[in-house]
Amino acid sequence: MIVIKIGGSVVDGLHQTALADFKSLSDKGKLVFVHGGGKEVTNTANKMGKEQKFVVSPGGVRSRYTDKETAEIYTMVMSGKINKVIVGMLVRNGVRAVGLTGIDGATMKAERKKKLIVINDKGRKMAIDGGYTGKISSVDPSLINTMLDSGYVPVISPIALSEEFDFLNVDGDRAAAYVASALKADKVVFITNVNGLILNNKLVDRMTVEQARDALPKIGFGMEKKVLACTEAIDMGVNEAIIASGQVENPVSSAIAHNNCTVITK
Ligand SMILES: Nc1ncnc2c1ncn2[C@@H]1O[C@H](COP(=O)(O)OP(=O)(O)OP(=O)(O)O)[C@@H](O)[C@H]1O
Ligand SMILES: [Mg+2]
């Protein structure tokens, strides 16, 4: 079983062979997709006159500040728009894709963050209200497995349920790591708009989870979360986490063959 995180960054720019690649992999084994789409959420929010704010943690991880209105826009764009675009692309190419969020079947639960520690403009730490963001606490694989056993390919939006049944914005990369672990997947493949992690102007082709953790402070926004998610996936028992481009021929097959990508293992 392979979990594929498909970046919002690459949904519109996938290589022309990508969908045939997804189809042939789904004919050979079980596939689950988790997607992102932060930029699209930001664009739609801007069109609606709702300016988006981002905060940075002391560890250098950036995230959207999600108040109630933003949480609603996030849910609409992620599950109403991006999820359907991906499901539509897959269905058109003969994959029996079905879209869902972590809310459906209570598949993904998260703990609402009461307070967020962020770094302010002056570089000082401060605590702000957590809003509608969450840290994933559990993934119940039963609905996903039911779908897979019936030959469907789940496509999951990164929205989770809080203990109080609020809808929480969770990060797509980390959602993919948790889904992969809950499903006991062999691999999690992060398909994005660059070949992988670049350090000192070079593509890192292989690294251990310790090396990845050490590198985190040196990694820019976007990739930092992906590498963090890779370390979480490996720590939670997934054998291999791969970051690869969706803009190359047969992107997932190529990633699994370790061509021109970043492979993180224990
Ligand atoms: N050291 C780095 N190596 C490679 N890419 C980096 C690095 N630092 C920052 N990046 C940026 O990370 C981006 C990928 O992350 P980004 O979040 O934009 O895409 P995504 O995760 O595929 O999409 P989404 O967040 O919508 O799911 C790259 O396009 C690149 O600009
Ligand atoms: Mg991202």
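**Notes on the predicted model: ligand shell, sheet and helices**

1. Let's start with the ligand. Around ligand 1 there are 20 residues, and Gly7, Gly8, Gly36, Gly220 and Gly222 come nearest (a residue is near a molecule or strand if its C-beta atom, placed from the backbone, lies within 6 Å of it). Helices (H or I, at least four residues) and strands (E, at least two) are DSSP runs, numbered from the N terminus.

2. A word on the conventions. This is a predicted model, in which local features need pLDDT of at least 70, side-chain atom pairs count only at pLDDT 80 or more, and totals for chains, interfaces and linings use all residues. Residues are numbered from 1 along each chain as its sequence is written, while chains are lettered from A and ligands numbered from 1 in the order in which they are written.

3. Eight strands make an open, mixed sheet in the order 5-10-2-1-13-17-18-16, where two strands pair if DSSP finds at least two bridges between them. Strand 5 (97-101) and strand 16 (206-208) are at the edges with a single partner strand each, so one side of each has no neighbour in the sheet. From one strand to the next, the twist averages 20°. Angles run from 0 to 180 degrees between N-to-C directions, with axes being lines fitted to C-alpha atoms, for helices over the stretch in contact.

4. Strand 17 (240-245) is worth a look. How many of its residues are buried? Six of the six in strand 17 are, buried meaning that 20 or more other C-beta atoms lie within 10 Å of a residue's own (exposed is 12 or fewer, partly exposed is in between, and C-beta atoms are placed from the backbone). Glu240, Ile242 and Ala244 cover one side, with Ala241, Ile243 and Ser245 on the other. With strand 18, the pairing of strand 17 is antiparallel over four bridges, and Ala241 has Ile264 as its bridge partner.

5. Helix 7 lies across strand 13, strand 17 and strand 18, and runs at about 155° to strand 17.

6. In helix 1 (residues 18-28), the buried residues are Ala18, Asp21, Phe22, Leu25 and Ser26. Viewed down the axis, these fall within an arc of 130°, so they line one face of helix 1; the arc is that of the directions from the helix axis to the C-beta atoms. Asp27 and Lys28 are exposed on the face turned away from the buried side.

7. Helix 5 (residues 172-182) is mostly covered, with 11 of its 11 residues buried. After helix 5 comes Lys184, with a positive phi near 55°.

8. Finally, Met78 sits in helix 3. Met78 counts as buried because it has 23 C-beta neighbours inside 10 Å. Leaving aside residues up to four places away in sequence, Met78 touches Gly37, Val41, Asn83, Ser157, Pro158 and Ile159 (contact means C-beta atoms, placed from the backbone, within 7 Å).

Terms used. Contact = placed C-beta atoms within 7 Å.
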